[in-house]
Amino acid sequence: MLFLAGIIFTFQKSDPENIRPRELDTAITEKIKIGDLVLREGTSVQSQIISQLSDSKFSHIGIITSVGDVILVTHASNDEETNEAVSETTLDEFISFDLAYSVRIIRLKNIPVNVREKIALNAKQKIGQKFYLVSDSMSNSDKRMYCTTLIYDAIRQELPEFTLKWKTINMPAINGAFLMPSAFLETDNEIIYSSDKK
């Protein structure tokens, strides 16, 4: 059962030396701040399954944890190249055409800059932590670690009152409440960048 769940929630990773970058204007990259969230519509079959389950095109999410000459994204993935764990990658790779049909970068409103930076640091401190789609007890969400729970937990460390709507899935191989990337789009947020499907 967990094997099938792992297959469904696998995210592709491209070769960093051969990615087809999605160029962002300097005006956009200069606007991106630590703590911004990056959603992508993945190109893999698994991503399309997640999109169908969540009724949203977005199938993966990461958080900006470094800006400057190189913008870095921290995210939880269960592909082999990240050793099925929380890892950090460049924004260029994360939103490359190889991995993303479309992209949206958002900023949660009404959160001070210093708090957003603490949230990003909370997520960054999880780098290397293993990916877990489900825990031993489906009701024990604290033991889960996948792309959305990484960010959700990082936010709740600073803002315990923060809540999102979980999606109930009832399938033979996977069932219970899951937090989908699209849940973050239901928050009060500002769109920093949005691309159309290529």
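Let me begin with N110, which sits in the loop between β5 (100-108) and α5 (113-124); helices here are DSSP runs of H or I with at least four residues, strands are runs of E with at least two, and both are numbered from the N terminus. The model is predicted, so local features need pLDDT of at least 70 and side-chain atom pairs pLDDT 80 or more, while totals for chains, interfaces and linings use all residues. Residues are numbered from 1 along each chain as its sequence is written, and side-chain values use heavy atoms, without hydrogens or water.

N110 has a phi near 65°, a positive value in a residue other than glycine. Most residues other than glycine have a negative phi. N110 counts as exposed because its relative accessibility is 72%; exposed means over 50%, buried under 20%, and partly exposed in between, with a 1.4 Å probe and protein chains only.

The largest nonpolar core has 35 residues, and L37, I155, F162 and F184 have the most contacts inside it. Such a core is a set of buried Ala, Val, Leu, Ile, Met, Phe, Trp, Tyr and Cys residues joined through side-chain atoms within 4.5 Å. Two or more residues each come from β1 (37-42), β2 (60-66), β5, α5 and α6 (147-158), with α6 giving the most, six.

Leaving aside neighbours within four places in sequence, F162 is in contact (heavy atoms within 4.5 Å) with L108, Y152, I155, R156, F184 and T187.

Finally, T187 lies in the loop between β7 (175-178) and β8 (189-194). T187 counts as buried because its relative accessibility is 18%.
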